[in-house]
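Here is a short briefing to read alongside your structure. Have the sequence and the 3D view open as you go.

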Amino acid sequence: MQQLFEGHRLTPTQRRIAHCMVRRAADAPFLSSVELAELAGVSQPSVTRFAVALGFDGYPALRRHLREVAPAERGADEDSYNEYQQAVQSEIDNLRHLASLLADPAPVVRAGRLLAESRPLPVLGLRAASAQAGGFAYFARKVHPDVRLLDEGGTMLADRVDAAVRAGATALLCFALPRHPREVVEGLEYARSVGLTVVTVADSAFAPVARHSDLLLPAAVGTGLAFDTACAPMLLGRVLLEAMCDALPDAQARLEEFDAKAAARGLFAE
């Protein structure tokens, strides 16, 4: 679905519709234009104009196309899943989609190199994305000499970006998940204005942070529960860690040094 939207100059309203369709990929082929408009928070005519902008005669033609390329229907057992099982199945689908995107490893390899070369490496994640950013930073510090977690917004965010740039940072990694805080969008805009290359893990290539990112890596979130689930963004973060390790010549030595010190200190129970 994201490939369908790529290469088209979409208006902000049309990007909002595209973002909604990506997030509701399983349902999108079966939604009416009115239903899609309500989900995206736009007018029904905007949905029609969106379909035309993609090269279709109208929304019905776009929906027919999506049905033709949609995955095979679920089996009878999956149709009887309760809401918790459906949430798990949705995450499995998101992980399968992520696996298909990683068939081309070039963007992740490039991102790993950018992150490895940045000294220090600022890692940004606010609100819903703070856990993703914190997890990445925790492990990255074991192999990267200077990782700086940016987990608070406000006026302090720009100050900490400035400090990282003064210390030699060349890139910033951002985890951006819905609902997207305005502070993150503004923070990325500022980071690029002071010369940082922005690598972003977001729930969609059409997320609000996309236009302020030099390299955006999409990983869908699940929306079936009261709060979004983010298994795919977490796994993509670990993939980025692997790519960064591959680009750091002393990563293995640092890991071995940590393991030796941890054993000497009796750091872990096992």
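Contact, or touching, here means heavy atoms within 4.5 Å. This is a predicted model: local features need pLDDT of at least 70, side-chain atom pairs count only at pLDDT 80 or more, and totals for chains, interfaces and linings use all residues. Residues are numbered from 1 along each chain as its sequence is written, and side-chain values use heavy atoms, leaving out hydrogens and water.

**Strand β4**
- T200 sits in strand β4, residues 197-202 (strands are DSSP runs of E, at least two residues, and helices runs of H or I, at least four, numbered from the N terminus).
- T200 is buried, with a relative accessible area of 0% (buried means under 20%, with a 1.4 Å probe and protein chains only).
- Leaving aside residues up to four places away in sequence, T200 touches C174, A176, L188, V209, S213, L215, L216 and L217.

**Helix α3**
- In helix α3 (residues 33-40), the buried residues are S33, L36, A37 and A40.
- Those buried residues fall within an arc of 100 degrees seen down the axis of α3, so they line one face of the helix (the arc is that of the directions from the helix axis to the C-beta atoms).
- They pack against α2 (12-23), α4 (44-53) and α5 (59-69).

**Helix α7**
- For helix α7 (residues 83-101), the buried residues are A87, Q89, E91, N94 and L98.
- N82 caps the N-terminal end of α7, with a side-chain oxygen 2.9 Å from the backbone nitrogen of Y84.

Definitions and conventions:
Buried means under 20% relative accessible area, exposed over 50%, partly exposed in between (1.4 Å probe, protein chains only). A polar contact is a pair of N or O atoms within 3.5 Å; within protein, one must be able to donate a hydrogen and the other to accept it, and residues adjacent in sequence count only if both atoms are side-chain atoms.
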